[in-house]
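Please read the following note with the model open beside it. Each point can be checked against the displayed chains.

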Amino acid sequence: MDALQIRNVSKSFGENKVLSDINMDVRKGEVHALIGENGAGKSTLVKIIGGIYARDAGEILIDGEAVDFKDPLQAMRMGISIVHQELSLVPNATVAENIYLRREITNKAGFNDWNKINQQAAEVFQRINLDVDPTELVGMLSVGMQQLVEVAKAIALNARIVIMDEPTSSLSENEIPDLFRVIRSLRDQGISIIFISHKLTELFEISDRITVLRDGEYVGTVDTAASSSDEIIRMMVGRHLGDLFPQHASQIGDVVFECRGLSLFGRAKDVNFKIRRGEILGLSGLVGAGRTEAMRALVNADKRSSGQFWMNGEEITIENPQDAISKGIYYVSEDRKSSGLFLNSSITWNVAMASLDRMKKALGMLDQSKMRQTAEGFIKTMDVRPADQRVNTGNLSGGNQQKVLLSMALCTEPRLLIVDEPTRGVDIGAKSLIHKRLREIAEQGACVIVISSEMPEIIGMSDRILVFRTGHVSAELDNLRGSVTQEEIMQKATHN
Amino acid sequence: MLTTLKKKLKTGSVLQAVGLTVIILLIGITMQVMNGNFLSAANMEVMAMNLIFEGIMAIGMTFVIIGGGIDLSVSAVFPFAEIIVAKLMIEAGLPIFPAVLITLALCLGIGLINATLINVLRVHPMVITMGMMLTLRGINLAITNGKSIAGFSDDFLFLGQGTFFGINLPIVFFLFAAITLGYLLKNHPYFRQLYFIGGGERAARLSGVKVEQVKTVVYMLSALLAGIAGIMAAAQYGAAHWSHGNLSELKAIAAVAIGGADVNGGSGNVFGTVLGIAFLAVVHNAFVSSGINTFWYDAVNGLMLLIAILFSKYIERKNARAVLSAKQMKLDESGGYPKANMAEQRA
Amino acid sequence: MAMLKKLVVSVSAAIVLCGIASAPARAAEETYGMVVFLKGSEFFNWAYAGFQDAAKTVGAKTELQGPADWDASAEARAVDQLVAKGVKGVAVTAGDANTLVSSIDKGIAKGVPIVTFDSDSPKSKRLLFVGTNHYNAGYQAGLKMGKLLGDKGRIGISMIPGLDSINGRIAGFEAGLAKAAPGAKVVVKVNDEGDLQKAETVNTAMLQANPEINGIFCAHGNPATGAAAAARNVGRDKGDNKVQVMGFAIDVPILQMVERGELVGTVAQNPYMMGVMSFHMLYSAAHKTQFDNMNQPGFGNVPSSDLDTGVAILLKGDAALKTLAKPPKL
């Protein structure tokens, strides 16, 4: 008997049909991967299983019994737990209280029995072999650790089915093995896991079977062992993508920008690098190793403690991100939602937002028609969908948001473009387009710095790679021929 | 035990409580030395009674603010309860018990309306409860023509003027409410949900917290406490008047914030609020005792509110700084590689 | 022995004299409190200025307490605090007559003299009320209007019904008018609800319905501005057929309108004297007098009825218009 059966489930939001006739079976004690481009309907399906959304049609059976959840709590009581992509923990409460929220252990009078709660939380951590103090405040933990606490929360009350929505997206490379170890031990205890991720390598490492969704429809389920990443990609996009990454730089010019002695208190120390015309420089390393921190310090988004910069041989100062933009340096944040896009504004406004100075006509009034034209230009070159400049960016999918964010940067015509995790949470089609565009920009004479946690992306895109380890640059690797290997980077990122 | 204390100190809430207590004592000692009557029984009683009704409202406000909301309507619910209970008893001739019961039911209804509007319209609670405050104030004026109602029975007056073991009844009620509700907030799973709602409503919802239901209960609690305060005030003053408790909502909010709660929600406790209200009372008393131009009193209150917020932000920063310093030391040592579960915090 | 006796007498006399001489020095340690229901209101600033000035004459200290926004209960608490602090006397203007009763009575019971000023709390045990006698004020206004318009006077009154103070003013006005011009008449009374806009509307309607009206008496506050606007609306703000409007306020805009001739005059209360007289009443009650207080034994003697601080009818050109336009220093 399958632990979970999904029979012909459909769901629409208004006119928009997001799921039609989805079928999926999850066996007891298996890791079942769910994959599909952004907008394929994975998140909606997960929310229906978890009782957050109501389905329009179809059936859901748990251990062969039809269920109909009215709220997440009911689903939880039936043993379904979701580890959401965004963290759902409260920083001001302890680890144990977070884990037992809504399932508190109470004494006879109905009050929380804090000792028991802490004790049981400790047992849960023991079960998945994690070393966390249950009385620690969640806010004091690292993001990666919080993600593992989320997993602990999911299994704390005899979960039979655990759904993980991109659990690795905020983990560093060396935290992922911890997570996988936890997943395997859960599987061995007979728990079923639905694992959602964009990263094929992860799926092949951890899953037993893979189900692919495309445009809200069920494409198929395959045994992981009998499949290949080519096959999965074909199922996802319906066509063969071929080489995922564009060619490396055709020619590299003179030094355009130089950075010396860049430090950010407690985060990064003494970072030095040069970048040449037409070059893509990749910054690699574990999350928290100082890549993002150093670049934020470069544009002074976080106040740096030291650092000197030269642009085309001339020393410049960078007071703040606006100043950086005016000097041709643009930093694109890794978090497009909270510090990148204006989600309540149209594509037009977002694209023009950083270059309003150039969008003026007589009397300093904004030239709206120029703004529209510019936006339409970017919509075309970046293949933004829907191709309507009036749409609010909040209504776009992740991939299209990322394209708009990049357009906003390109609109300022930067000489040095710094992109932080440019393809995080982005579907494969958008990803390959963003990669192509970044290479084109470099070929047109700009310098590009790419920060990424994805090794293949770093190796596939960069002409040169800086590896960060604990706040320092630990290695500089030449990669003009794509010769650097993941092992090499990992070695530099983790060992002396 | 020691480690938990250390941890709590790190979060700043205990530090703020200790600091506030010290400031309150310092002001008290200074006033005693300067004027010599601070500790007199008469002054103590007057000081305790001065902000007692705001204090009762502040307990409810603590719940609302921890849940990420705010309730400005309490300052209108307060005289509303006075007026209704007066009308029921003096004009309609009802006995105390049913009059009080009906009044409190109406107050609960106001809390329910507040919460329902906030839940359904999804507008910031400040706007909704301000609308409710202005509406209720208008109603209070309209149903009384701006005049006060007086002539309560002695039995009713006892609720506000009577004593229990020598302590004024409103103070007894305040202490009772602070202890029971404070304990519930600290230990009851239902009220613990507030911290999750205030800390992250979305996350709370995903974890199965019935956000709307909890908010409704909390706004009703806030209105109920304001109503009880109003009834006791009518008994204390022997009159019901629309002007009573004007601006009390701001004092209640200030007490909660000075007591160390995050005005954005997610943290705070009743004990802090009690300290906050004690602070406001002591400062006001100091102003009256020293005869300084009381125009400055409001300025000092406002300033303290800002300082309290600054202080909690400072503690927050200091903690982040401490974490960073530890890392900088590692950086300076240029040392090895951090353990897998080292706190790699992102600011 | 006689020598010694003389010495003892003269020494004791000297001590007594010194004691008397040092009385003002002792008064310097005395504090008197004033409590208002709207701290910062200009009217009460006048009163507090008078209170301060009177206190200075005997070297006493004063302090002003009360809410910045109308709250009678905060006044009650302020009275309690002042009493607990041990002030020698409290003057309070009642934001609500009933609310203050218990606080005033408690203070009196503790032997602290309390008077009300401007707004009374008649059910309380306050020693007396210092303020405008509304009947007298209205009577003065009626006399003036009668003299101005003579027997042909046809008057409309703009008012709020149901308030004792305003009813008193109107009764006084009618009596004064009859005394000065027996042929003059009050034609109609309209309700302006204390609101400027409303005052303009109802007075305009009144003038249209009763074209014979040649004078308007505004029995309270600012609505005089509305009544003047009404006269303008019907084209009777100048010329032979001008409607003469009399106000009842000392706010600066009203004073300026009198100066410009838009109002024929305004009834000016005397808040400064309310402060001065309140202080003198408190001082007297706080110190033993040869004859005890007749209503409240134990206190010093003060008048046993309310104290009228009077009004002045200010017309164009009166020097007081300029004096009142400058706010008091506190």
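The numbered points below treat the model, its chains and some of its helices in turn.

1. This is a predicted model, in which local features need pLDDT of at least 70 and side-chain atom pairs count only at pLDDT 80 or more, while totals for chains, interfaces and linings use all residues. Residues are numbered from 1 along each chain as its sequence is written, and chains are lettered from A and ligands numbered from 1 in the order in which they are written.

2. Confidence in chain B should be noted at the outset. Over residues 335-347 of chain B, however, pLDDT stays under 50. The model has 26 contacts beyond four places in sequence for residues 335-347 of chain B; two residues are in contact if their C-beta atoms, placed from the backbone, lie within 7 Å. Where pLDDT is low, the predicted coordinates should not be read in detail.

3. The overall make-up of chain B is as follows. Chain B has 15 helices and four strands; helices (H or I, at least four residues) and strands (E, at least two) are DSSP runs, numbered from the N terminus. Of the 347 residues in chain B, 48% are buried. A residue is buried if 20 or more other C-beta atoms lie within 10 Å of its own, exposed if 12 or fewer, and partly exposed in between, with C-beta atoms placed from the backbone. Among contacts in chain B between residues at least 6 apart in sequence, 78% join residues at least 24 apart.

4. Which chains touch? Of the two pairs of chains that touch, chains A and B have the most contacts. Chain A and chain C share no contact, and their closest C-alpha atoms lie 37 Å apart.

5. Between chains B and C, 25 residues of chain B are in contact with 28 residues of chain C. On the side of chain B that touches chain C, α3 (41-50), α12 (211-237) and α14 (270-290) of chain B each supply at least two residues. The most come from α3(B), with five residues. By class, this side of chain B has nine nonpolar residues, 15 polar and one charged. Here Ala, Val, Leu, Ile, Met, Phe, Trp, Tyr, Cys and Pro count as nonpolar, Asp, Glu, Lys and Arg as charged, and the others, Gly among them, as polar.

6. Helix α5 (residues 101-109) of chain C has buried residues that include C:V101, C:I104 and C:I108. The buried residues of α5(C) pack against α12 of chain B, together with α4 (72-85), β3 (89-92) and β4 (114-117) of chain C. Just after α5(C), C:G111 takes a positive phi of about 85°.

7. In chain A, helix α14 (residues 398-410) is mostly covered, with 12 of its 13 residues buried. Among the buried residues of α14(A) are A:K403, A:V404 and A:L405.

8. B:Q161 lies in helix α8 (residues 154-161) of chain B. Is B:Q161 buried or partly exposed? B:Q161 is partly exposed, because 18 other C-beta atoms lie within 10 Å. Leaving aside neighbours within four places in sequence, B:Q161 is in contact with B:A235 and B:Q236. B:Q161 and B:N140 are 21 residues apart in sequence and 24 Å apart in space, C-alpha to C-alpha.

Note on methods. pLDDT is the predictor's confidence in each residue, from 0 to 100.
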